[in-house]
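Grab your viewer and let's work through some charged side-chain pairs. Each exercise comes with a worked solution.

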Amino acid sequence: MPDRAPALPALAIEPHPARVSDADRADRIADPGFGRIFTDHMASAVWNTEQGWHDARITPRVPLQIDPATSVLHYAQEIFEGMKAYRTADGAMALFRPQENARRFNASARRMAMPEIPEALFLEAVRQVVATDADWFPGVPGGALYIRPFMFSSDVRLGVRPASEYRFLVIVSPVGNYFRGDPTAIKLWVSRNYVRAAPGGTGEAKCGGNYAGSLVAQAEAIERGCDQVVYLDAIERKWVEELGGMNLFFVMDDGTLVTPPLGGTILPGITRDSLITIARDEGLTVREERYGIDQWRADAASGRLVESFACGTAAVVTPVGEVRDGDSVFTIGSGGPGQLTQRLRQRLVDIQYGRAPDRHNWVESIG
Ligand code: PLP
Ligand code: COI
């Protein structure tokens, strides 16, 4: 769908009349967890068939009033992004590869028959809401502002068809670690009953429906004492694809990294892409190739596989300690964080927090 706005609308700013007090804010960000607390403001814009994108503004973060027949509530035409703002070593704030989020958002929009948003509007909305709420930055280790841009169909109509009106919003959540209790390594549950995505489906789009469909498997994982679900391919039920909210890497005993290839059913993670680049910069070999669940188990047992890790904006780089498949369990390496996993994590966060040279121009200062 074409973007009908001829020029970039400036974001009007409506400051909050009663921001959370300094003391209350300090209390809330002292132990933020993940996605539990939110800042004072949000960004929003509207698209309709007559005007294209318009009414872009920063406003107080308030509940939305929507009609019960609003189409997203029925047919889930919704997409989102996940990105972070970091407080860098020099005290400034920075975004990490935000253009990639804007591009992926528009790729998701195309898949879901939604209007694309001008990248400049997406980026400006993100920058301005973060700059407005910069004092919500959590000082905890690994703390960041998690930014959630999203768009949904807002037609009040029950026919199944692309909507004629959409709303775009950006909300911000001060966060610490995604996994509660800050585990040194996570446990994974291999889903044999459910798949996440099939060829021709929506697996590579970041749409809410993908996550709705994953919750029953995630509940199984939690019941088994695991943190995340490993999904296998939908056809052969054999190839490891990704986790419910993260991509996966395997580290071999010769230092080679393997990660499943993007083929339409996997979310093209920006962390995944960054780690491939960082690893190759170090002279490591990274192979984007299919890796079977049986091979993973056999290689973990033989010692050919020494480490595995999950990665994503929320998860950063998180070691995998154990994989549960039905009644059997296999351990990765020593069951704790592996050396290469820790090194790559450190390299990535050092760039994100401005402690290491930014060779690829990934970091954008704001505020
Ligand atoms: N895979 C899924 C299903 C995700 O939800 C995410 C998180 O956004 C990722 C992978 C990692 O993507 P990124 O590194 O861009 O955050
Ligand atoms: C992210 O990493 O940004 C995601 O959207 C994944 C989700 C598990 C929070």
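Predicted model: local features only at pLDDT ≥ 70, side-chain atom pairs only at ≥ 80, totals over all residues.

**Exercise 1.** Work out whether Arg359 is buried or exposed, then find its salt-bridge partner.

*Solution.* Step one: Arg359 has a relative accessible area of 62%, so it's exposed (over 50%; buried is under 20%, partly exposed in between, with a 1.4 Å probe and protein chains only). Step two: its partner is Asp281, with the closest N and O atoms 3.9 Å apart; a salt bridge here needs a side-chain nitrogen of Lys or Arg within 4 Å of a carboxyl oxygen of Asp or Glu. Step three: Asp281 is partly exposed at 33%.

Side-chain values use heavy atoms, leaving out hydrogens and water, and residues are numbered from 1 along each chain as its sequence is written.

**Exercise 2.** Classify both ends of the Arg304–Asp299 salt bridge as buried, partly exposed or exposed.

*Solution.* Start with the contact: 2.7 Å, N to O. Then Arg304 comes out partly exposed at 35%, whereas Asp299 is buried at 3%.

**Exercise 3.** How many salt bridges does a search of the whole structure find?

*Solution.* The search gives 29. For a network, look at Arg19, Asp22, Arg25, Asp40, Asp133 and Asp135, which are linked by salt bridges.

Definitions and conventions:
Chains lettered and ligands numbered in written order.
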